[in-house]
Amino acid sequence: MAAPGVPAPTALGGLPSDEHQAFRLMRFQLRDYLRSRRFLLMIALTLAIAAIVTLVVAHFRGGLVSSPAAFYGSLWGGGVGVLIVFAGIIYGGDAIAGEFQNKTGYFLMGLPLKRGTIYQGKFLAAYLASVTAVVLYLAILLLNGIYYFGMNAFPWQLAASLLLALLYLGALLGTTFLFSSLFKTSAYAILVVAVLFLFGFSIAQVLVEDLVKIEPWFLLSYASPVIGNIFSNPYPSHISSGFGVTTYTATIPEAILIMIVYFALTTLAGYALFTREQFT
Amino acid sequence: MNTPSLTSVGLGKSFGSFVAVQGLDLKVEGAKCVGFLGPNGAGKTTTLKMFADMIFPSRGEAFINGISVRKDRKHALSHAGVLIESPEIYPSLSPTEALEMVAEIRGVPRGEQPRRIRSVLDEVKMLDWAHQKVGRFSKGMKQRIQIAAALVHDPEVLILDEPSTGLDPRGMAEVRAIVREQRKHGRLIFMSSHILSEVTDVCDEVALIDRGKLLFYDTLANVTARFSTGNAQVDAVFVRPLDPAQVTGTIAHLPGVKAVELLDPKRVRLGVPPGALEQAQVLEALVALRLGLVSFKESTGALEDVYMQQIARGD
């Protein structure tokens, strides 16, 4: 009991719901991201990609500015995919591993949060931080578009493509979080995720298509070109052959399904791994 | 209102074939400070981590205020402030922001937060740095912010893992003063340490663990009495040097004094009965001698003797 005359403490207030806690954790984690060097790095990469795109278009023009759909199909579709990969590496690569290495996880684990709530809060923060880069890139492309096409610069496919890009971002971050949950050292986690997304998926796709000669429906990199392909009219054929090589293109429903399945499976697996992690 | 409590039932943890903690049955209850002592590798931090659900028990269960930590970590930890393994706060946040995050997650009402945050920052003497980035702080400053974070919701239970380890002497003294202050707020403080003087200085009770096994849990006075000659030991410090004749002739014959040893010209160690009443009588008698008594407190040396004796028994 408390010493005489001293009221015994009672924890202040009631505990918020899991969703509220995840949202509040996300808010502060996002604030940390937005003040970090990695955010500056991501902004610098976004501006660099946008600058290259702007210069290329200004210099070559030609087919790139033949129509708004061709413009966005090439420049948005090509650029945002790369940008999302970088965002995944930068924000997701060590999102979980860093909690062990930097010992910030030991701080969070002392709080009355379910482990899953920590995972959700961090995922949402990484997602929103990545979205800032996507939005910045889109804004620069829109300014370019307005310059070349005036107010006709907004084909309907752009909204659909943006949604697909956001879905791809979710799937990619889900995968990076899964790999991040496997490591307790930031450098390993970032390295593995970077190699996987910059080279691994592409090499696997080439091998599967050209050597095994099957449709690589199980690779996330197979789904991502839909972000640019959606601007094509007609949409590229699912299977095309030429010079003895068969090329596969994911249909829109197929690409959406691949991304959703990747998001769901990797998020569940990462979540399950994190809830079993021990802070030894 | 609950009486704050920490309970472990058959708590055990193995890492492969290495048994870190075995069959720990412990019930710590009420507003007090309990020192959790043991040599390096004894299982102290492992035990505290199981109480905070940072690692999972291989056997048994840990409870905070009767709530199983493993089954309901969210509600169990809502009663506790935890500081284990010198954790880090997101470096770009200021102490105020970090404490806001903790307060929001813990559900401290919005209107209450500024007052509460200011109060705990004041308590750990970090008000002047309330808006600086935590990433620029020294280890001692970070430790104080972590203690503030553990206190921001006015918890009933405080779990502290060697809170002063790694700090300079001033930092150690400041952290001890903060912990000592917490005893006045009616909290149950469970603090691991391998610094015996710290435990003697701050704690009311002591639990000793070695090689994963609990060797004893009792009040400091009972522990020293039980494992020594049946007497508790207190160190008395005087403002003036004592004449050795005063020590052997006068002090040694005071009622209740069972043994006396001159440690240095101004300091004696007394063997006294373990009861508080008897010790109060000895204190009054010493004061009455007008020798310039300035301090009378439980001897670190006594606990050290018990500690060494118990640890050596296990070797």
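Which side chain makes a polar contact with the side chain of B:Asp161? Before I answer, a word on the model, which is a predicted one, so that local features need pLDDT of at least 70 and side-chain atom pairs count only at pLDDT 80 or more, while totals for chains, interfaces and linings use all residues. Residues are numbered from 1 along each chain as its sequence is written, chains are lettered from A and ligands numbered from 1 in the order in which they are written, and side-chain values use heavy atoms, with hydrogens and water left out.

The partner is B:Thr45, whose side chain lies 3.1 Å from that of B:Asp161 in a polar contact, meaning a pair of N or O atoms within 3.5 Å, where within protein one must be able to donate a hydrogen and the other to accept it, and residues adjacent in sequence count only if both atoms are side-chain atoms. B:Asp161 belongs to strand β7 of chain B, residues 157–161; strands here are DSSP runs of E with at least two residues, and helices are runs of H or I with at least four, numbered from the N terminus. A polar atom of the B:Asp161 side chain also lies 3.5 Å from the backbone nitrogen of B:Glu85. B:Asp161 is buried yet has no salt bridge, the nearest side chain of opposite charge being B:Lys49 at 6.7 Å. By buried I mean under 20% relative accessible area, with exposed over 50% and partly exposed in between (1.4 Å probe, protein chains only), and by salt bridge a side-chain nitrogen of Lys or Arg within 4 Å of a carboxyl oxygen of Asp or Glu. As for charge, Lys and Arg count as positive and Asp and Glu as negative, with His and the chain ends not counted.

Let me turn to the interface. Chain B and chain A bury about 4,300 Å² between them, 61% of it on carbon and sulfur atoms, where buried area is the accessible area (1.4 Å probe) that two parts lose on being put together, summed over both. On the chain B side, B:Lys74, B:Tyr90 and B:Ile105 lose the most area to chain A, together 20% of what that side buries. The contact, defined by heavy atoms within 4.5 Å, takes 53 residues from chain B and 45 from chain A. Six salt bridges are counted between the two chains, and B:Lys74 takes part in a salt bridge with A:Asp18, the closest N and O atoms being 2.6 Å apart. Helix α3(B) supplies the largest share of the chain B side, seven residues.

Over all chains, the search finds 30 salt bridges. Within chain B, B:Asp53 pairs with B:Arg70, with 3.2 Å between the closest N and O atoms; the pair links the loop between α1 and β4 to the loop between β5 and α2, 17 residues apart. B:Asp53 counts as buried at 2% relative accessibility, whereas B:Arg70, at 39%, counts as partly exposed. Another salt bridge joins B:Glu174 and B:Arg144 (3.5 Å, N to O), and because B:Glu174 lies in helix α6 and B:Arg144 in helix α5, the pair ties together parts that are 30 residues apart in sequence. Here B:Glu174 is partly exposed, with a relative accessible area of 21%, and B:Arg144 is buried at 13%. Finally, salt bridges that share partners join A:Arg115, B:Asp53, B:Arg70 and B:Arg73 into one network.
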